[in-house]
Amino acid sequence: DWPDFPWRQIGRPPANVGIGWELKAASQKGTPDIAKVGDRFVREEKQYVDHMLRHKINLAWTHATHLARGGEGQYPFLRQVSDYARARGVHFVEKTQTQVGTYPRDKDDPRKSRCVDHRVHKKYFCWSLLDVHRERARAMAKAMKASGIHWLYLHATDGGGWENPARWGERCAECRRIYGDDHAKADAAVF
């Protein structure tokens with residue numbers, strides 16, 4: 001297959017769904033048994049990395065669950081898996097979106113909820129809140145560094161169809177003032 005297909009990707013590892021959520025919860029709560037949960041997570045994830053190797057898969061969505069807000073207690077365990085995988089040529093990709101807030105948590109925050117309210121994804125998007133984007137980017141960079149994850153997939157808002165791509169027509173007055181009708185300039189500022 002090489003060099004025609006240098007990257008072969010698969011979705012999230014299966015441990016991400018079960019033990020991954022347990023690790024995230026233990027990390028967020030500071031549970032004393034985090035080492036027990038973390039060790040099991042590492043064991044299961046290493047098995048999955050080996051499975052990926054047998055099938056020539058060298059790229060997967062991250063084994064983390066909501067990395068930046070999952071709590072720092074999970075990072076050493078994620079790092080063990082990332083290092084194990086990278087030593088074997090396997091890489092993980094963390095995914096996040098360009099939201100500035102979530103629904104319903106931020107529904108009463110006039111700043112975060114002022115722009116595009118994407119109820120399907122339960123997220124708020126705004127191109128002019130660059131300080132919020134910078135804060136989220138710093139948190140993500142810190143989490144990725146601590147976890148040993150080197151790839152990021154940053155997903156812009158979608159929805160709106162052909163008539164209103166990314167729901168750009170619903171942007172707030174501040175976005176209209178700063179960017180006018182230049183959607184590409186607004187996306188570039190966020191990215």
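1. Confidence. The structure is a predicted model, and its average pLDDT across the protein is 90, with 94% of the residues scoring at least 70. Among the helices and strands, the mean falls to its lowest value, 86, in strand S1 (residues 9-10), while helix H5 (residues 173-179) has the highest, at 98.

2. Cavities in general. When the whole structure is searched, 2 cavities of 30 Å³ or more are found, and they are taken in turn below.

3. The largest cavity. This cavity holds about 60 Å³ of space, and its lining is made up of Thr98, Phe125, Cys126, Trp127, His133, Ala156, Thr157, Asp187 and Val190. Sorted by class, that lining contains 5 nonpolar, 3 polar and 1 charged residues; the aspartate, Asp187, is the charged one.

4. The second largest cavity. Here the volume is about 40 Å³, and the residues that line the space are Ser82, Ala85, Arg86, Val90, His91, Phe92, Gly148, Ile149 and His150. Helix H3 (75-87) and strand S3 (91-97) each contribute at least two residues to this lining, and H3 gives the most, with 3 residues. In terms of class, the lining of the second largest cavity comprises 4 nonpolar, 4 polar and 1 charged residues, and Arg86 is the charged residue.

5. The second largest pocket. This pocket has a volume of about 260 Å³ and is lined by 16 residues, with His133, Arg136, Ala137, Leu154 and Val190 lying nearest its centre. At least two lining residues come from each of S3, helix H4 (130-147), strand S7 (151-155) and helix H6 (183-190), and the largest share, 8 residues, is supplied by H4. The lining divides into 10 nonpolar, 4 polar and 2 charged residues, and Arg136, one of the residues nearest the centre, belongs to the charged class.

6. Residues and elements to look at together.

Key: Residues numbered from 1 in each chain as written. Predicted model: local features only at pLDDT ≥ 70, side-chain atom pairs only at ≥ 80, totals over all residues. Heavy atoms only, no water. pLDDT = per-residue confidence, 0-100. Helix = DSSP H or I, 4+ residues; strand = E, 2+ residues; numbered from the N terminus. 1 Å grid on protein atoms, 1.4 Å probe; cavity = no way out; pocket = protein on both sides within 12 Å on 5 of 7 lines; lining within 4 Å. Points joined across faces, edges and corners; volume = space filled by probe spheres on them.
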